[in-house]
Amino acid sequence: MNLVSQLSFGLLGVVAAYVVVAVALLSLNVGSRWLWWIKAGTIVVTTLFFVQSYAAVSSLVGWPSRDRLPPHFQLHWAKIVEPDEFTSFPGAIYMWVEQLDANNVPMGTPRNYRLAYSKSLKDQLTKAQDKIKDGKEVAGTAEMAEDRSDEDSRQAEENQERREGDRQVGEGANNFVTELLDVSFQDMPDIVQPEKAPF
Amino acid sequence: MDEPSQLTLGLLGVVTAYILLAVLLLSVNVASRWLWWIKGVAIVATTLFFVQSYASVTGLIGWPTKDQLPGRFEFLWASVAEPNKFYNIDGSVFMWIVALGAGDEPLGEPRAFRVPYTLALSEQIVSAQALMRQGKAVAGYARLIDVAASSADALLDAQARGAQRVNALRPENFTERAVEVLLEVVPGLNDRPGGPAPMANPGAGPAGGVIPPAGARRPGPGAAPIR
């Protein structure tokens, strides 16, 4: 799904939910036995909370997402926040990536992600950032454990054992996602040019 | 406001709205004269749409916002989408930044912004990225400035400095408000720990050099920091 579709889907989804709830409330309101001023108050309060909800949703945009990374992406930059045992902060890795399509073309808008901290991912990202500083473009892949071949699964198990040793403070859903998701970086591949159409 | 609290407030706002709507729906449903199966379908459909709405909202997180940049921020990286007259695309600058406090301490998680493209801003970004490749840390200001719209030269000059039009013309004082972005090198900024446990350094102020866009001048006396 390209960017426009994803954003449109998100916005349409929110709007559709509001419309459905508004219709349900109004229809039930019409058929209810509440006094008229209670019904009117309900309509006004609901409208105000639609507005407040929209403002709240707008304030969520831009912050890092905990969704799964796209399977194939260009890494723009990363920010690594080390764990702090004194404050019990488990650490975090923020990545700013832009999804690549099947032809290795960036899809237009970078997205902000947050992943759980792991030393191996940190080491990989540090090397990737060194390449970016040298002026090279860096691509990445993120695949789930069940999508791997046997050879890749064996390698992933070895990586997993290594990450177990690297585990810092903090368990939870994000560490679970990091362990199931294998992230690797490589030089940006060439764009796949379409075949020339015959005249 | 501390940036993680803003995210938490946003989530709480959405949850509160959902709870209130659910309570209203149920109370009105109870008192209505619809057949019981219609009431049941209304409850089920609404519940499903709450779930779908939540999924849609989470799909919006992470994408760049068009909100105003914080007044002071650490510049992490940027991506410039050039304008294209052939396809009638205005162009955009995507910036990844961390808001900074009064002492240049990081105020939480990085946030992605989308600001309108200007040549001056894109040139600043190219220079800033070159400095970051050398290991220097870059911070920035985003100021709201009033530009006398009666003076076309003043408006062009502000745009040349990277100002982006924010509001439409306000006829009461014939000015436009614009956001001007200035990037500068801040030695030692990237040595400070980030995340939720910032190290406050109240005595420090910005140091290092400002990265000027081509042909830029310092903002005039009307400049004011964004609160």
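Predicted model: local features only at pLDDT ≥ 70, side-chain atom pairs only at ≥ 80, totals over all residues.
**Exercise 1.** In what order do the five strands of the chain A sheet lie, and which are the edge strands?

*Solution.* Start with the order: reading across the open sheet in chain A, you meet β3-β2-β1-β4-β5, with antiparallel pairing. Next, look for strands that pair on one side only: these are β3 (111-116) and β5 (181-187) of chain A, the edge strands. Helix α3 (residues 119-133) of chain A touches β1, β2, β3, β4 and β5 of chain A, and its direction makes about 110 degrees with that of β1(A).

**Exercise 2.** How many bridges join β2 to β3 in chain A, and how many join β1(B) to β2(B)?

*Solution.* Take chain A: six bridges link β2 (residues 92-99) with β3(A), and the two run antiparallel. One partner to look up is Ala92(A), which bridges to Ala116(A). Then move to chain B, where eight bridges hold antiparallel β1(B) and β2(B). Here Phe73(B) stands opposite Ala99(B).

**Exercise 3.** Which residues touch the most other members of the largest nonpolar core?

*Solution.* That core has 71 residues, and the ones you want are Ile93(A), Met95(A), Trp96(B) and Ile97(B). Strand β2 (residues 92-99) of chain B gives the largest share, seven residues. Zoom in on Trp96(B): beyond its neighbours within four places in sequence, its contacts include Trp77(A) and Trp96(A) from chain A, plus Leu76(B) and Pro110(B) from chain B. As for strand β1 (residues 72-81) of chain B, eight of its 10 residues are buried.

Definitions and conventions: Residues numbered from 1 in each chain as written. Chains lettered and ligands numbered in written order. Pairing = 2+ DSSP bridges. Helix = DSSP H or I, 4+ residues; strand = E, 2+ residues; numbered from the N terminus. Contact = placed C-beta atoms within 7 Å. Axes fitted to C-alpha atoms, helices over the stretch in contact; angles between N-to-C directions. Core = buried A, V, L, I, M, F, W, Y, C linked by C-beta atoms within 7 Å. Buried ≥ 20, exposed ≤ 12 C-beta atoms within 10 Å, placed from the backbone.
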